[in-house]
Amino acid sequence: MRFLLTGGAGCIGSHAGVALLNAGHEVVVLDNYINSSPEALRRVEKITGKHVTVYEGDCCNEADLDRVLDNEPVDAAVHFAGLKAVGESVRIPLDYYRNNLDSTIALCKRLAAHGIKRIVFSSSATVYGDQQPPMREDMPLGVCSCPYAWTKWMNEQILRDAVVADPEWSVVLLRYFNPVGAHESGLIGEDPSGIPNNLMPFICQTAAGMREKLFLFGNDYPTPDGTCIRDYIHVMDLAEGHVKALEYAIEHTGVETFNLGTGEGYSVYQVVNTFETVNNLQLNKETVARRPGDLPVSYADAAKAQRVLGWHARRSLEDMCRDAWHWQKLNPRGYRQEEDL
Ligand code: NAD
Ligand code: UFG
């Protein structure tokens with residue numbers, strides 16, 4: 001099969017590209033590199049020994065989409081393209097709504113015009129809001145905590161409405177929990193621009209000496225060690241979930257939602273301790289006040305993806321910490337080093 005990956009040069013898209021190519025599929029990428037580098041795709045080719053067809057363009061632009069779809073017969077699309085920084089979405093909400101909603105609408109319109117009515121969408125656990133975990137796909141959606149999260153919530157609704165209007169559509173909504181880690185080769189991984197917002201890249205940059213200290217946000221939550229609990233999932237497990245989701249989308253019509261998580265929660269202290277232990281190092285760290293907006297506990301009920309897709313996460317927290325550090329050590333400046341030479 002041949003799949004279009006919008007945002008395929010990004011962190012999750014590049015790992016999904018590896019998983020799809022390794023599973024014998026072909027991939028076509030459309031990316032405007034607003035938060036990524038074409039180097040990631042060269043490395044996907046290096047890892048897999050397979051070719052990636054790449055188009056530079058904006059997924060909100062129907063002409064850019066037609067340029068791809070007129071030339072590339074694809075069986076389905078995975079819509080990774082989007083802006084994803086929680087704090088930034090509070091500062092520039094209109095840019096988030098425009099990019100994250102327009103891209104989905106334009107993509108669906110142009111896919112349908114080309115007779116391709118199958119899409120897998122990158123949603124997020126954040127659509128559950130502040131509910132009692134484990135989060136189950138059939139829970140009513142929650143109240144979102146930021147514009148970024150609302151864009152995921154609204155995109156899900158847009159895609160559900162598209163299926164109501166045209167039952168020929170096949171829509172798979174994937175709610176990611178906390179993707180971390182990197183491909184085991186160390187060739188692709190997360191490449192945050194500026195100061196990282198998320199825990200694992202901040203840990204890695206502190207270990208590398210790029211950040212003086214890791215700040216741990218709050219140890220007075222109602223959890224066993226007082227720090228927040230999340231469902232961290234290895235990005236290659238997440239990537240492999242997309243192979244199963246696409247295969248499902250090919251076989252079915254209608255809309256289906258799946259959590260992609262491990263079903264297990266780890267606290268901030270557990271992540272930090274595991275990182276230090278498996279990588280045999282000590283982080284300079286300090287526990288400080290809570291970060292506003294953080295939920296105490298979030299983890300998936302991962303049973304539906306196992307039951308329906310036959311997928312479950314296989315890699316451990318140790319693997320996530322080891323692979324994240326391996327990527328960081330080999331690529332202290334992310335993808336920039338090779339381009340700058
Ligand atoms: P990323 O920023 O690394 O990748 C997104 C890619 O989309 C980038 O390559 C970017 O250049 C591209 N892009 C953005 N807008 C575009 C547009 N209009 N046209 C073309 N390309 C565009 O992010 P990621 O971590 O790989 O996330 C992928 C998707 O998964 C996003 O939709 C994100 O919101 C979602 N998601 C991520 C997480 C996470 O923790 N990383 C969690 C839940 C959901
Ligand atoms: N944390 C720290 N120090 C840091 C960074 C994070 O202690 O420097 C803590 C946070 O307070 C939280 C935990 O580590 O308790 C995880 O934080 P992340 O930022 O890594 O992950 P979040 O669960 O906050 O964010 C994730 C996704 C977002 C999504 C959000 C909504 O990365 O895309 O869930 O719940 F919007």
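Which residues are buried in α7? In α7, the buried residues are Leu199, Met200, Pro201, Phe202, Ile203, Cys204, Gln205 and Thr206, where buried means under 20% relative accessible area, exposed over 50% and partly exposed in between, with a 1.4 Å probe and protein chains only. This is a predicted model, in which local features need pLDDT of at least 70 and side-chain atom pairs count only at pLDDT 80 or more, while totals for chains, interfaces and linings use all residues. Residues are numbered from 1 along each chain as its sequence is written, chains are lettered from A and ligands numbered from 1 in the order in which they are written, and side-chain values use heavy atoms, with hydrogens and water left out.

**Helix α7**
- Eight of the nine residues of α7 are buried, making the helix mostly covered; helices (H or I, at least four residues) and strands (E, at least two) are DSSP runs numbered from the N terminus.
- The buried residues of α7 pack against β7 (178–180), β8, β10 (232–234), α9 (268–279) and α11 (317–330).
- Just after α7, Gly209 has a positive phi of about 85°.

**Ligand 2**
- The shell around ligand 2 has 17 residues, of which Leu199, Phe215, Arg230, Arg291 and Asp294 come nearest; a residue belongs to it if one of its heavy atoms lies within 4 Å of the ligand.
- α7 (199–207) and β8 (214–217) each supply at least two residues of this shell, and the largest share, three residues, comes from β8.
- By class, the shell holds 10 nonpolar, four polar and three charged residues; Ala, Val, Leu, Ile, Met, Phe, Trp, Tyr, Cys and Pro count as nonpolar, Asp, Glu, Lys and Arg as charged, and the others, Gly among them, as polar.
- A polar backbone atom of Phe215 is 2.7 Å from a nitrogen atom of ligand 2.
- Oxygen atoms of ligand 2 lie 2.6 Å from a polar side-chain atom of Arg230 and 2.5 Å from an N or O atom in the side chain of Asp294.
- Of the 690 Å² of accessible area that ligand 2 has on its own, the protein covers 87% (Shrake-Rupley method, 1.4 Å probe).

**Nonpolar cores**
- The largest nonpolar core has 43 residues, and Leu5, Val120, Val172 and Leu174 have the most contacts inside it; such a core is a set of buried Ala, Val, Leu, Ile, Met, Phe, Trp, Tyr and Cys residues joined through side-chain atoms within 4.5 Å.
- Helix α8 (residues 235–251) gives the largest share of this core, 10 residues.
- Another core, apart from this one, has 23 residues, among them Ala77, Ile116, Ile119 and Leu159.
- Beyond its neighbours within four places in sequence, Val120 is in contact (heavy atoms within 4.5 Å) with residues including Val172, Leu174, His242 and Leu246.

How values were computed
A polar contact is a pair of N or O atoms within 3.5 Å; within protein, one must be able to donate a hydrogen and the other to accept it, and residues adjacent in sequence count only if both atoms are side-chain atoms.
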